[in-house]
Amino acid sequence: MGDHFIRHIALLGFEKRFVPSQHYVYMFLVKWQDLSEKVVYRRFTEIYEFHKILKEMFPIEAGDINPENRIIPHLPAPRWYDGQRVAESRQGTLTEYCSTLMSLPVKISRCPHLLNFFKVRPDDLKLPTDSQVKKPETYLMPKDGKNNAADITGPIILQTYRAIADYKGSSSQMALATGDVVDVVEKNESGWWFCQMKTKRGWVPASYLEPLDSPDEAEDPEPNYAGEPYITIKAYTAVLEDEISLEEGEAIEVIHKLLDGWWVIRKEDVTGYFPSMYLQKAGQDVAQAKSQIKSRGAPPRRSSIRNAHSIHQRSRKRLSQDTYRRNSVRFMQQRRHQRPEPQRSRSALREQQQPKTERPKPQPAVPPRPSADLILHRCSESTKRKLASAV
């Protein structure tokens with residue numbers, strides 16, 4: 001193993017806390033080189049003090065000697081009063097600041113000062129207790145990363161789910177017991193959800209969770225039989241009958257993206273479930289996707305969970321693969337029939353566009369008039385007598 005360093009820092013959002021007094025803390029998801037992922041909470045005043053010390057440690061890179069040599073990003077000083085709108089507006093600045101930090105030379109991006117600042121502290125593990133009168137309000141970053149003050153409508157209420165079975169998590173995952181109730185912070189397309197429960201945080205497979213009010217996942221989108229083109233970045237051998245086996249590098253179409261991380265894909269006329277973690281759109285970074293596969297792998301499917309106990313009487317609604325195939329074949333047939341006719345040549349189009357004129361019927365040819373000798377030779381005897389008497 002090499003030196004311990006940080007691969008990426010992502011700003012998740014901020015929290016408004018009321019103990020011991022009202023203040024704001026920013027939530028960072030820190031991804032380390034050992035593929036572990038930790039959530040840490042920092043006040044803006046702490047971040048600014050960290051920034052000042054970093055500038056003192058690297059005066060040349062901070063531009064103190066020559067402003068043209070500055071590569072350490074700028075960070076505005078804290079205001080005398082930090083309200084909610086100020087905390088919201090800082091998110092874009094902090095996102096850009098962390099991104100620039102990770103792109104700096106190794107002597108800065110991997111210095112002990114930076115690593116120690118983003119390490120998990122005991123306070124990061126202390127979540128609000130049930131005895132607190134007023135719980136923290138969580139505000140998550142928009143998915144597009146853009147912040148607009150007009151979009152602030154109030155705190156985001158984290159969705160609550162229940163565990164249907166016991167789950168033993170690894171270092172970056174959270175262990176669950178049947179009946180545990182968790183708050184979901186992030187729903188990843190891979191089928192791994194980042195959850196928190198009392199004093200624990202970590203990644204949990206979505207297949208082990210169910211909504212409290214219904215067995216159905218309301219956020220599951222409708223199937224898209226037009227399909228989205230993807231490429232497999234890891235081979236997979238089907239375990240269940242409704243799954244599909246593919247090698248690495250095969251081109252497929254995704255027709256249904258399900259939140260549990262097992263998508264329905266189409267390969268020619270065959271459909272089946274396939275782990276979304278093993279798929280990537282063409283042209284995107286494959287290295288980052290493969291690192292997630294190494295750290296967590298594909299989540300288990302709901303049908304493979306033993307001793308699952310749901311609080312709902314009716315089971316989750318799911319389409320069968322026969323239904324997917326029938327609908328897919330029907331859609332493909334309709335698309336073939338709706339294809340435009342091949343373009344004709346210009347001369348053919350010109351002839352087709354010209355108005356048609358009625359041609360005259362052909363007249364029989366008029367033979368030449370025979371000579372008088374020929375007429376006398378071929379005429380009858382009575383005609384000859386009449387001609388002789390006329391003369």
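Select Y236 to begin. In this predicted model, Y236 has a relative accessible area of 15%, so it counts as buried, the limit being under 20%.

Now show both rings. The ring centres of Y236 and W262 are 5.7 Å apart and the planes meet at 70 degrees, so the arrangement is edge-to-face. Colouring by sequence position shows what this pair links: Y236 sits in the loop between strand 10 (228–232) and strand 11 (251–256), while W262 belongs to strand 12 (residues 262–267). The two residues are 26 residues apart, and the pair links distant parts of the chain.

Which ring face does R301 lie over? R301 lies over the face of W262, at 5.7 Å from the ring centre.

Next, follow the chain from strand 12 to E268, in the loop between strand 12 and strand 13 (270–275). What is the phi of E268? Its value is near 60 degrees, positive in a residue other than glycine. Most residues other than glycine have a negative phi. E268 has a relative accessibility of 67%, so it counts as exposed.

Is L35 buried, partly exposed or exposed? With a relative accessible area of 21%, L35 is partly exposed.

The structure holds 16 aromatic pairs, and F28 with F118 is one of them, edge-to-face at 5.9 Å centre to centre with 80 degrees between the planes.

The charged end of R42 sits over the F117 ring, 5.4 Å from the ring centre.

For the last stop, select F14, Y24, Y26 and Y139 together. What do these four residues form? They make up one aromatic cluster.

Technical notes: Residues numbered from 1 in each chain as written. Predicted model: local features only at pLDDT ≥ 70, side-chain atom pairs only at ≥ 80, totals over all residues. Heavy atoms only, no water. Phe/Tyr/Trp six-rings, centres within 6.5 Å; stacked < 30°, edge-to-face > 60°. Helix = DSSP H or I, 4+ residues; strand = E, 2+ residues; numbered from the N terminus. Buried < 20%, exposed > 50% of the residue type's maximum accessible area, 1.4 Å probe, protein only. Lys NZ or Arg CZ within 6 Å of the ring centre and 35° of its normal.
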